[in-house]
Amino acid sequence: MISIGFESTAHTLGIGIYDGRSVRANEYATYSQPFGGIKPGDAADSHSVNFESVLTTALNRAGIKLSDVGLVGYSKGPGMAPCLRISRAAAVFLAERYKIPIIPVHHSVAHIEIGMHECGFTDPLVVYVSGGNTQLLVKRNGRYAVLGETLDIGLGNAIDTLAREMRLERAHGGEVERIAKTGKYIELPYTVKGMDFAFSGLVTRCSQLLREHSAGDIAFSFQETAFAMLCEAAERALMLAKKKEILLCGGVAQNQRLQEMLRGMSEENNAKFGVAAPEYNRDNGAMIAYTAHYLYAKYNGNYPDKDIVISPKYRIEDAPA
Ligand code: ATP
Ligand code: FE2
């Protein structure tokens, strides 16, 4: 059965197609945010303008017609309400028009499940690091349980704030990673509390130090410190949960230095390390198409969430997985 997935929680409109074995299309259009960050209404406008062309490209790439689709999934949340409505409306229309089942998908569950699929993992400790979220999770009785998480902002948002303070051309983690390669180490505040951690003090200190140090030194030291915090908390969670696999996922999972540090920690603890390709870690539609398919099959067509709405503050603990 062919599934289609619509993703529009924030800056990216993604449409993916999965045929039950592999991803056939994963197309997207990204709203380029103004300097101050995303304006939800403008992002939603951009998604609605781009919808038709992204859909057509995805169908062409997969070599299918809309009437070939047997299942539709959409990102229910968490995210920005005006953006979320775009995918929900499209999914409801499709489900009605072709009388096919519809699956509301939790955005973070999708980031995790596509990572599991790509890495061939069954029961990992999940290190989920994206813009708004930074969490350590394990699956228990068909739900994800949060073992540790950020006490303030997500690591991706922390990095983007720092990038803005640095006046980088693109306020994005990829840019910070690039300039970090030229830097040397400066000591910075380090905040880990058990399996929780916090990043806003680190960002504030880095912003102050930008007056005395190069952006490269700050970027390098920020990454070393923030990623070490994450590794320390993840190692504790690994011990506690007694897992043999570590899955890194979410937008920040694309960072090579973070991958290297977590891979090292995994090897020291005889655990397998896995991370999916970048196209599945940034926001994308394939993860929604895949996860809709996975959940539909897992629950034998009787997926327990029948609430076909949007949920801007959807907590991962509340989502079937
Ligand atoms: P969420 O899943 O919380 O809704 P999101 O919608 O912000 O996240 P994602 O695409 O999952 O979107 O993650 C985007 C974040 O990933 C941004 O903060 C971005 O700076 C960060 N990011 C992307 N590439 C890198 C990189 N190479 N190094 C560090 N951070 C990165
Ligand atoms: Fe995301």
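Helices in these views are DSSP runs of H or I that span at least four residues, numbered from the N terminus. The model shown is predicted, so please read each close-up as a view of a prediction.

**View 1. Ligand 1 sits between two domains.** Domain 1 (3-111 + 280-318) and domain 2 (123-276) both contribute residues to the shell around ligand 1, which therefore lies between them. Three helices, H3 (107-119), H4 (155-165) and H5 (173-180), each provide at least two residues of that shell. Sorted by class, the shell holds 15 polar, four charged and three nonpolar residues.

**View 2. Polar contacts reach the oxygen atoms of ligand 1.** Which residues come nearest to ligand 1? Among the 22 residues around the ligand, these are Tyr 128, Ser 130, Asp 160, Gly 173 and Asp 283. Ser 130 places a polar side-chain atom 2.6 Å from an oxygen atom of the ligand, while Asp 283 brings a polar side-chain atom to 2.7 Å from a ligand oxygen. The backbone takes part too: a polar backbone atom of Gly 156 is 3.2 Å from an oxygen atom of ligand 1. On its own, ligand 1 would expose 640 Å², and the protein buries 91% of that area.

**View 3. Thr 134 makes a side-chain contact with the backbone of Leu 155.** Thr 134 belongs to strand S7 (residues 134-140). Its side chain reaches the backbone nitrogen of Leu 155 at 2.8 Å. With a relative accessibility of 0%, Thr 134 counts as buried, because the cut-off for that label is under 20%.

View 4. The bond to look for runs from Gly 77 to Pro 78, where omega is near -5° and the peptide is cis. Pro 78 is found in the loop that links strand S4 (71-77) and helix H2 (81-98).

**View 5. Two asparagines in loops have positive phi values.** Asn 141 has a phi near 50°, a positive value in a residue other than glycine. This asparagine is in the loop between S7 and strand S8 (143-149), and with a relative accessible area of 81% it is exposed. Where is Asn 270 found? Asn 270 lies in the loop between helix H8 (256-268) and strand S12 (272-275). Although Asn 270 is not a glycine, its phi is positive, at about 55°. Asn 270 is exposed too, with a relative accessible area of 64%.

Key:
Residues are numbered from 1 along each chain as its sequence is written. Chains are lettered from A and ligands numbered from 1 in the order in which they are written. This is a predicted model: local features need pLDDT of at least 70, side-chain atom pairs count only at pLDDT 80 or more; totals for chains, interfaces and linings use all residues. Side-chain values use heavy atoms; hydrogens and water are left out. A residue is near a molecule or strand if one of its heavy atoms lies within 4 Å of it. A polar contact is a pair of N or O atoms within 3.5 Å; within protein, one must be able to donate a hydrogen and the other to accept it, and residues adjacent in sequence count only if both atoms are side-chain atoms. Accessible areas come from the Shrake-Rupley method with a 1.4 Å probe; for residues, only the protein chains shown count as cover. Ala, Val, Leu, Ile, Met, Phe, Trp, Tyr, Cys and Pro count as nonpolar, Asp, Glu, Lys and Arg as charged, and the others, Gly among them, as polar. Domain bounds come from an automatic or database domain assignment. Buried means under 20% relative accessible area, exposed over 50%, partly exposed in between (1.4 Å probe, protein chains only).
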